[in-house]
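Subject: Structure handover

Hello,

Here is the structure for you to take over. Please open it first, then read the notes below.

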Amino acid sequence: MGAGKKAGKKEKMITLATAIACLAAAGAGIYFFTGEEGAEMLQKPEITQKEQSGAFADKEEISGQMTQAVNEGTKSISDGFIMLPSGIFSMGSPDSERQRQEDETLHDVTVSAFYMDPYEVTQKDYLEIMGENPSHSRGDALPVENVTWYDAVSYCNKLSENKGLTPVYKIDGDSVTWDRSADGYRLPTEAEWEYAARAGTETIYNFGNQVHSDDANFEGSYPYLIEEKYVSHRNPDVVTSQNRGETIAVTELAPNGFGLYQTHGNVSEWCFDYYGEYDLQNTVNPVGALSGSLRVNRGGSYNDFGKHLRSAYRSAANPLDDDQNLGFRICRNAESMDETVTTTYSLTIRIPDKPKILIAYFSYSGNTENAAEIIRDKTGADLFEITMENPYTGNIYDVSQHDLMNNIHPALSSHVKNMEQYDVILLGYPTWWATMPMPVYSFLEEYDFSGKTMIPFSSHGGTMFGDSVSDLSKMVPGAYVGIGFEFHYSGGSGLSDEISQWLAAGGIREQQP
């Protein structure tokens, strides 16, 4: 598949196969360098663009001056990372961007120079450092996945020690301290990730305003905007393409203008930040919220829809989640910062010994209802069906798509009168359009779930959870969202045993026979 390049990236010398793009502006510190063989990305803030022709000074002179400036005071490491220069960019999305979300507030951000791995961390890399390979799909050149956020930062620290660098992170219980002066490996901040992924572009993706499987590894049956008219689709720019259904080698497909591979798709990449609203005041090297319960991941995965691969799209997950869609990419400082940042997990919710449990579910074809009833029989929990005043009828693609695209949260005919008595909510739904059905959004808006544990379960036709768990987590910021359970259509003959395993993993006891 693809270019078939060697997987052993740590020993490779990186040269860019395409022109390396950067913005040119007197305060931004980002510049364009072009050439038939590409050029190494380096920083030199004092270089100015020639006003008459837009041309730059001699490339060899610039490259030499930049290399000297960058190497002063930094340790030389043969890791093949690309240096991204400091710059100012527009983070988020404009109001005009279709399918944008409310948390993508557009604002200017300043990022200092840093080094970034052109590839997602491979299984070969991870195995060599951590001594294990947790991935669902196996292959040395494939990205490692099924890793938690904590797995990713532990890898960074161990790799730093292996290379003789200073580890970046200190983990003390629920607190994680980042020494920004350390020269070791680390996760990018959310701002650094978007800056790197955009590579000087302001389009929906770094390769344009539409996505195709030739550009990214994603669920090609659902390109950007296809949800607007799925059944009778007429937009000539929206073209379905290949759904590979699995990860591919990190070296496949074309790199972006910075020389970074697969920032869109393949695996969604963990970032350092806790998820929260953007801080519009502190916009120089921002690190995200200092406390929270969800860590950001970016870029979308092989199983995500086109809308989830957008440069501005923000996904959030429990840092203990080890989904097969989740991997990471690493970076390290090019400039030392005399600062430490301590982030703290904000929830202290624990399931009591004898929790009061509610199974709340929305079902259309009966698959989710069947699972909900199995869970009820195993736990003895209360069962509640989420029902609509005007139930969906006719072509489910049309009616569900209409509510989704118009952000309609339909009125419900069923209501929980005493939600406050429940400690745990097991929330069931079919995954539609890679998210929850809109009646489930209506249900979530009715109640205060602060202090409760919420654990999702979902039936699907091949997209697994999609990004529904991220959407759920954003809807219930005061609740602990546990690790969910997904199953294909009816779940088959093994569904009951799989549900038992999931309940046990989540600390939910079954009734004694």
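A charge sits over a ring if NZ of Lys or CZ of Arg is within 6 Å of the ring centre and within 35 degrees of the ring normal. Arg180 does this: it lies over the face of Trp178, at 4.5 Å from the ring centre. Arg332 lies over the face of Tyr115, at 4.6 Å.

This is a predicted model, where local features need pLDDT of at least 70 and side-chain atom pairs count only at pLDDT 80 or more, while totals for chains, interfaces and linings use all residues. Residues are numbered from 1 along each chain as its sequence is written, and side-chain values use heavy atoms, with hydrogens and water left out.

**Overall**

The protein has nine helices and 20 strands. Both are DSSP runs, numbered from the N terminus: helices are H or I with at least four residues, strands are E with at least two. Of the 513 residues, 56% are buried. Buried means under 20% relative accessible area, with a 1.4 Å probe and protein chains only. Take contacts between residues at least 6 apart in sequence: 74% of them join residues at least 24 apart. Contact means heavy atoms within 4.5 Å.

**Rings**

There are 26 aromatic pairs. Rings of Phe, Tyr and Trp (its six-membered ring) pair if their centres lie within 6.5 Å; planes over 60 degrees apart count as edge-to-face. Phe362 and Trp432 are edge-to-face, 5.8 Å centre to centre, with 90 degrees between the planes. Phe362 is in the loop between strand 15 and helix 5, and Trp432 in the loop between strand 17 and helix 7, so the pair ties together parts 70 residues apart in sequence. Phe362 is buried, at 4% relative accessible area. Trp432 is buried too, at 15%.

Tyr447 and Phe449 also pair edge-to-face, at 6.1 Å and 75 degrees. Both are buried.

Four strands form an open, mixed sheet in the order 5-6-14-9. Strands pair if DSSP finds at least two bridges between them. Strand 5 (169-172) and strand 9 (291-292) stand at the edges with a single partner strand each, so one side of each has no neighbour in the sheet. Strand 5 pairs with strand 6 (175-179) in the antiparallel sense, over four bridges. Tyr169 stands opposite Trp178 in strand 6.

Which residues do ring pairs link into a cluster? They are Trp149, Tyr150, Tyr169, Trp178 and Phe272.

Best wishes

Key: Buried < 20%, exposed > 50% of the residue type's maximum accessible area, 1.4 Å probe, protein only. Phe/Tyr/Trp six-rings, centres within 6.5 Å; stacked < 30°, edge-to-face > 60°.
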